[in-house]
Amino acid sequence: MLSQQELKQQAATAALEIVGEVAGPDVIIGVGTGSTADLFIDGLARFKGRLRGTVASSERSAARLAALGIPVLDLNDVEYMPIYVDGADELDGRLHMIKGGGGAQTREKIVASVADRFVCIADESKLVERLGAFPLPVEVIPMARAAVARKLAALGGRPALRDGFITDNGNVILDVAGLDIVDAPALELHINNLPGVVTCGLFTQPGADIALLATQQGIRRLVRQ
Ligand code: 5RP
């Protein structure tokens, strides 16, 4: 029986195979944040010299990449990336996701938006029928914390301030439990439109293009229809 750590490693290794397919001296890879993304980063070291570099979705990932000697580029200097590789907190059959368990969803969404394909790496336990058991992380400008929390409560959620956490952008995170997510794309748009919200952790516009889900029987690959 493979441990969760071994499953995460399996998913990261599967994404590294895709890097092997696209690698080249001009190629830049988008890199996510989290424990699964960390394993992907560690494996990227073997591509040093075969890639132009990476764009990181957090200071944490940037530091890990730099420590391995992998070039980290400023997104403003990058026009195209073939893939963005990242984990998820939840994923459904349409490859919509909840992300932001690490509080990095804003930069994750930005970097992913410049990449051709979003490759989600996770163990199969992240696959759910309906999103929402994982509290939805919402990045909020500090002065709007209470106002946004009231609006999220009016939507049926139970927002809780993530204690002692400040995002890379200097904002706070509200983790919203109890949301009944019937229409994830509509809810993503609605929450992102609340004044003071920077980015909510729903990723549906679009979601992932490919999910590499590690199972006890090997990798299960889901592709967005
Ligand atoms: C960070 C994220 C991560 O991708 C998500 O939390 C999954 O993390 P892990 O790979 O540690 O389970 O969205 O903001």
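The centres of domain 1 and domain 2, taken over C-alpha atoms, lie 24 Å apart. This is a predicted model, and its chain is divided into domain 1, covering 4–128 + 205–223, and domain 2, covering 136–202.

**The contact between the domains**

- Domain 1 brings 15 residues to the contact, and domain 2 brings 21 residues.
- About 1300 Å² is buried between domain 1 and domain 2, and carbon and sulfur atoms account for 46% of that area.
- The interface of domain 1 and domain 2 holds 14 residue pairs in polar contact, counting pairs with both residues at pLDDT 80 or more.
- One salt bridge is found across the interface of domain 1 and domain 2.

**The side of domain 1 that touches domain 2**

- Two elements, β5 (97–98) and α4 (105–114), each give two or more residues to the side of domain 1 that touches domain 2.
- Of these, α4 supplies the largest share, with four residues.

**Around the ligand**

- The ligand has 16 residues around it, and those that come nearest are Ser35, Thr36, Asp89, Gly100 and Lys126.
- Aspartate 89 places a polar side-chain atom 2.6 Å from an oxygen atom of the ligand.
- For lysine 99, an N or O atom in the side chain is 2.9 Å from an oxygen atom of the ligand.
- Glutamate 108 also has a polar side-chain atom by the ligand, 3.0 Å from one of the ligand's oxygen atoms.

**Two backbone details**

- Which two residues are joined by a cis peptide bond? They are glutamine 205 and proline 206, and omega is about 0 degrees.
- Proline 206 sits in the loop between β11 (202–203) and β12 (210–215).
- Leucine 95 is a residue other than glycine with a positive phi, near 65 degrees.
- To find leucine 95, follow the chain into the loop between β4 (90–91) and β5.

Notes: Residues are numbered from 1 along each chain as its sequence is written. This is a predicted model: local features need pLDDT of at least 70, side-chain atom pairs count only at pLDDT 80 or more; totals for chains, interfaces and linings use all residues. Side-chain values use heavy atoms; hydrogens and water are left out. Domain bounds come from an automatic or database domain assignment. Contact means heavy atoms within 4.5 Å. Buried area is the accessible area (1.4 Å probe) that two parts lose on being put together, summed over both. A salt bridge is a side-chain nitrogen of Lys or Arg within 4 Å of a carboxyl oxygen of Asp or Glu. A polar contact is a pair of N or O atoms within 3.5 Å; within protein, one must be able to donate a hydrogen and the other to accept it, and residues adjacent in sequence count only if both atoms are side-chain atoms. A residue is near a molecule or strand if one of its heavy atoms lies within 4 Å of it.
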